[in-house]
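Biologist: Could you walk me through this model? I would like to begin with the ligand and then move on to other parts.

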Amino acid sequence: MEKNLFEISLCTLDNVAEKVKLDPNIHVILRQPERELTVAVPVRMDDGHVEVFTGYRVQHSSLRGPCKGGIRYHQDVTLDEIKALAMLMTLKCAVVDIPYGGAKGGVRCDPLKMSREEVIRLTRRYTVMIMPIIGGRRDIPAPDVNTSAETMGWIMDTVSMFQGHAVLDVVTGKPLDLGGSLGRNEATGRGVMISTIQLLKKLNRNPSDTTVAIQGYGNVGSIAAYLFADQGCKVVAVSDVTGGLYNPEGLDLESINEHCKISEHHFLKGYKKKGTEPISNEELLLLDVDVLVPAALENQITKENAPAVKAKYIVEGANGPTTAEADKILEEKGIIVVPDILANSGGVVVSYFEWVQGIQSFFWDLEQINSHLEKIMVKAFDAVWSLTQDKKESMRCASFMIALKRVSAAMRHRGIFP
Ligand code: NAD
């Protein structure tokens, strides 16, 4: 059986720790999250009965600043998954050099089978249960799978009710009218596009000769698709949990987005257009394209399908979409993988801008936000790329190396309390 995401992340951490000769006293600390909270979340369902959901908030590290990481609602959420994602957040914030540690939260539930009122009650009760450990200086949640700006608004309101005033800095990814930042909703997809374009530049490739397939048509995938097309790339396939769409001549994203505006749960299912064929998620991952962007969930490229992957480059929009075994196979095949902690860091970078703007009560325009985002992402990409060239390591290994160097420097300066 393949390892779970936490075991995979520990393996990568251990391998890279050996390569960078990480101080064993620092290594042993980073192998465990600082704090794990498991909570019971009772919710009165619309028919009157009560269901108790399990929720988590894990803080991996607060060494470089407040812990930072999204909250997801999904039926497969486990403590190990949340621990892994929290560790990846520590490394992600370090690789782009923003002053945060790492955290993650989640509730094991299927929000697509719940009413909006049930999801609101779930969110408010979960917020109260994790309230002792979150806060603008301690741990700042954000949206992730099946949560959105609206969810962040409910969390912000719940915390504000208890504190007696509007608490803007407790979450990022808020609605614009509630102290959200311009560009935050698009930031992760934009970062995926920026890192892909930067890769193409390094390889002297033209975006207009580049085909792209994207798995997952949610916040990250749908925005990345639109921005890829805007750069001249040909987006030939997209998919969501209901299946995918394929057109070798390039998809008509505008009409797909029109369809998703009115379809059930904004799904791709039911979209029809001449020249566009249905395709399964499994088939999408094996398409002969230049760039494959997994932007759904973890463990999508495994030792079973990796040998058949034909894409030249994989840009990880999702967190942990490639298993450790698959990673090795892809490397042997010469497929370049831009790892999650670099490729999808655009979201946390603009979350950082949102937090800074909220603290200053001074808001920037979109141009300023997108240009700062690009500067930070290009700098991080270039640093990782030069290390891959110098050390002949994969981009994942180089990203971990840079991140670990920064985290361990912070720990050396702070020392170990007491
Ligand atoms: P989302 O809920 O908006 O979208 C997820 C998409 O994946 C949906 O289209 C869903 O139908 C699809 N999906 C779910 N299960 C699938 C499956 N088995 N096969 C194919 N498609 C499937 O979530 P999101 O915010 O876009 O997050 C997607 C990934 O990106 C996650 O791994 C998340 O952790 C990561 N991420 C998100 C952000 C962010 O700012 N939202 C930032 C960094 C990383």
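Biologist: How far is the side chain of Thr 188 from an oxygen atom of the ligand?
Modeller: An N or O atom in the Thr 188 side chain is 2.7 Å from an oxygen atom of the ligand, where a polar contact is a pair of N or O atoms within 3.5 Å, and within protein one must be able to donate a hydrogen and the other to accept it, with residues adjacent in sequence counting only if both atoms are side-chain atoms. The side chain of Asp 144 also has an N or O atom 2.7 Å from a ligand oxygen, and for Ala 296 a backbone N or O atom lies 3.3 Å from one. Please keep in mind that this is a predicted model, in which local features need pLDDT of at least 70 and side-chain atom pairs count only at pLDDT 80 or more, while totals for chains, interfaces and linings use all residues. Residues are numbered from 1 along each chain as its sequence is written, and side-chain values use heavy atoms, with hydrogens and water left out.

Biologist: And how many residues surround the ligand?
Modeller: There are 22, counting a residue as near if one of its heavy atoms lies within 4 Å, and Asn 219, Val 220 and Asn 319 are among the closest. Domain 1 (33-182) and domain 2 (185-338) both contribute to this shell, so the ligand lies between them; the domain bounds come from an automatic or database domain assignment.

Biologist: OK, switching topic, what about aromatic pairs?
Modeller: The count comes to 6, with rings of Phe, Tyr and Trp (its six-membered ring) pairing if their centres lie within 6.5 Å, and planes under 30 degrees apart called stacked, over 60 edge-to-face and the rest tilted. Tyr 100 and Tyr 352 form an edge-to-face pair, at 5.7 Å centre to centre and 85° between the planes.

Biologist: Where in the chain do Tyr 100 and Tyr 352 sit?
Modeller: Tyr 100 is in the loop between helix H3 (79-95) and strand S4 (102-108), whereas Tyr 352 belongs to helix H12 (residues 346-360), 252 residues away; helices (H or I, at least four residues) and strands (E, at least two) are DSSP runs, numbered from the N terminus.

Biologist: Why is the pair of Tyr 352 and Phe 353 called tilted?
Modeller: Because their ring planes are at 40°, with the centres 6.0 Å apart.

Biologist: Last one, is Lys 174 buried or exposed?
Modeller: Lys 174 counts as buried, at 6% relative accessibility, where buried means under 20% relative accessible area, exposed over 50%, and partly exposed in between (1.4 Å probe, protein chains only).
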